Amino acid sequence: MSSPVKSKGARPKTKAGSDTAAEPAGEPVKPARAGGNILIVGVGGQGVLMIAKVVALLAQKQGYQVKQSEVHGMAKRGGIVFSHVRYGPEVWSPTIVKGEADALIALEWAEGLRWLDHLKHEGVFIADTRRIVPPFACRSRKAGAPINYAKETPADIVSRVADGFALDASTIAEGFGDARAANTVLLGVLSASLAYPEADWLEVIEASVPPKSRDINRNAFAAGREWALAARANPTLRFDSSITSYEAPAGLLQPKITLEINAAWCKGCDICVKLCPERCLALNAEQVAVLKSPDACTGCHICEWLCPDFAISIRTSHPEPVTA
Ligand code: SF4
Ligand code: SF4
């Protein structure tokens, strides 16, 4: 199956579907007799299915037949979720076989690595570098204890694939006021590889999100697209170079833990309160989670990973040792 995904070394197609050496500046390429396989992976609560819906609607808008299949993990945050979107003049099977994905979009770092074998050699890999580590990966609850989880850095992975992009989409989305818009940041990055008009992307995205979050999603899309266009022009920007290791630096002082609870997003489900191993959390009179024993908190992240509403965020910083 041919693909409209632009990748390094791939020759763009004309609207008639024939090979051409040059693409008219500013003119999106929409091959008439082409198709694509887009694989979107992540964990529950990240918006995998929203990306799949946008890609499917966008492909339909171009006149393609579309087939989508998906596996939902736990409805709560943390379960594995993936979706296959296939489109073309005629699509028979809804699933993408290994080595046939034109694009792999990973909302969670380790999930992206797990599905890399589905990516075509010349396919595009787009991943959020944020890791959502499941509780069973924590061998020790001590602050700063090592965890058994994917340790490959963005630089490692981007150097291994033909066309890779790894960015901290969650932080970019947080800058617009909602970390949950990280999926739309990644759609913006994808839009720089899928040659469809920007207006079509925005129209489909706005139709797929609640009216009150349209502005955030529009900004998130623009930020992702701008980032990707800059990264295409300058390969040194293709990965988040601030991440040089996922290992805790050795020999440092006890890390400083900052736990924040977004009261507006907390629905008082009590999950974090029940599952905190140190019993540091409680619901207040308004049924909002609060940190009642900050000194007991080890920064194990369990509450952050299991909150279905992304209401908890934990930052761990390592103070530099004081030198004489
Ligand atoms: S912070 Fe999250 S897990 Fe805890 S009570 Fe609120 S919604 Fe539930
Ligand atoms: S409050 Fe959260 S990070 Fe702190 S010990 Fe409890 S579960 Fe772990």
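Which residues are buried in helix α6 (residues 198-208)? I started my notebook with that one.

**Ground rules.** I am working with a predicted model, where local features need pLDDT of at least 70, side-chain atom pairs count only at pLDDT 80 or more, and totals for chains, interfaces and linings use all residues. Residues are numbered from 1 along each chain as its sequence is written, while chains are lettered from A and ligands numbered from 1 in the order in which they are written.

**Helix α6.** I found Trp201, Val204 and Ile205 buried (20 or more other C-beta atoms within 10 Å of the residue's own; exposed means 12 or fewer, partly exposed in between, with C-beta atoms placed from the backbone). These three sit on the same side of α6 because they cover an arc of only 100° around the axis, taken from the directions from the helix axis to the C-beta atoms. Helices here are DSSP runs of H or I, at least four residues, numbered from the N terminus. On the face turned away from the buried side I noted the exposed Ala199 and Ala207. The buried residues pack against α1 (48-61), α5 (182-191) and α7 (214-233).

**Leu186.** Leaving aside neighbours within four places in sequence, I saw Leu186 in contact (C-beta atoms, placed from the backbone, within 7 Å) with Ile51, Ile105, Leu107, Ile126, Asp128, Ala169 and Gly224.

**Ligand 2.** I counted 13 residues around ligand 2, and the closest are Cys276, Cys297, Cys300, Ile302 and Cys303. A residue qualifies as near if its C-beta atom, placed from the backbone, lies within 6 Å.

Definitions and conventions: Helices (H or I, at least four residues) and strands (E, at least two) are DSSP runs, numbered from the N terminus. Two residues are in contact if their C-beta atoms, placed from the backbone, lie within 7 Å.
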